[in-house]
Amino acid sequence: MNAKIPVTIFSGFLGAGKTTLIANLLKQCQGSRIVVLVNEFGKVSIDGQSLSRLEVPRQIEVIALSAPLIAYDDDQEFQLVLTKLLQNQVLPDHLII
């Protein structure tokens with residue numbers, strides 16, 4: 001299967017407004033299956049927790065990654081999450097990182 005999922009990557013400095021922007025976008029995604037991968041540096045995923053608590057449509061899933069960076073080819077956690085997403089019966093409409 002040659003699945004293609006649109007991906008949007010948000011990056012920026014601490015406090016730049018990434019989480020606020022993503023939260024506002026998610027509130028407008030009625031009927032879309034969205035997966036959000038939160039890559040956060042720190043022992044506790046503060047942004048992941050705040051996005052998980054949003055009152056958004058049920059088709060939105062937030063997954064917090066524990067690795068500090070996903071930019072390396074050998075990031076096994078990131079690769080495992082993507083593999084599982086592609087093996088699902090129903091693919092997400094969009095992936096946000």
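The chain contains 3 helices and 4 strands, and, when followed along the sequence, these elements come in the order β-α-β-α-β-α-β. The model is predicted, with a mean pLDDT of 77 for the chain, and 70% of its residues reach 70 or more.

**Confidence**

- Confidence in the chain is highest in strand E1, residues 7–8, at a mean of 92, whereas the lowest value belongs to helix H2, residues 46–52, at a mean of 58.

**Overall packing and surface**

- Of the 97 residues in the chain, 31% are buried.

**Strand E2 and its partners**

- In strand E2, 5 of the 6 residues are buried, so this strand is largely enclosed by the rest of the structure.
- Strand E2 is joined by 6 bridges to strand E3, residues 60–65, and the two run parallel; within this pairing, isoleucine 34 stands opposite isoleucine 60 in E3.
- Strand E2 is also joined to E4, here by 3 bridges and again in parallel, with valine 35 standing opposite leucine 95 in E4.

**Valine 36**

- Valine 36 is found in strand E2, and with a relative accessible area of 1% it counts as buried, because the cut-off for that class is under 20%.
- Although valine 36 and glutamate 61 are separated by 25 residues in sequence, their C-alpha atoms are 6.2 Å apart in space.

**The salt bridge**

- The count of salt bridges comes to 1, and it is formed by arginine 33 and aspartate 93, whose closest N and O atoms are 3.1 Å apart.
- Arginine 33 lies in the loop between helix H1 (18–27) and strand E2 (34–39), while aspartate 93 lies in the loop between helix H3 (76–87) and strand E4 (94–96), so the pair ties together parts of the chain that are 60 residues apart in sequence.
- Both partners count as partly exposed, arginine 33 with a relative accessibility of 33% and aspartate 93 with a relative accessible area of 32%.

Conventions:
Residues numbered from 1 in each chain as written. Predicted model: local features only at pLDDT ≥ 70, side-chain atom pairs only at ≥ 80, totals over all residues. Heavy atoms only, no water. Buried < 20%, exposed > 50% of the residue type's maximum accessible area, 1.4 Å probe, protein only. pLDDT = per-residue confidence, 0-100. Salt bridge = Lys/Arg side-chain N within 4 Å of Asp/Glu carboxyl O. Pairing = 2+ DSSP bridges.
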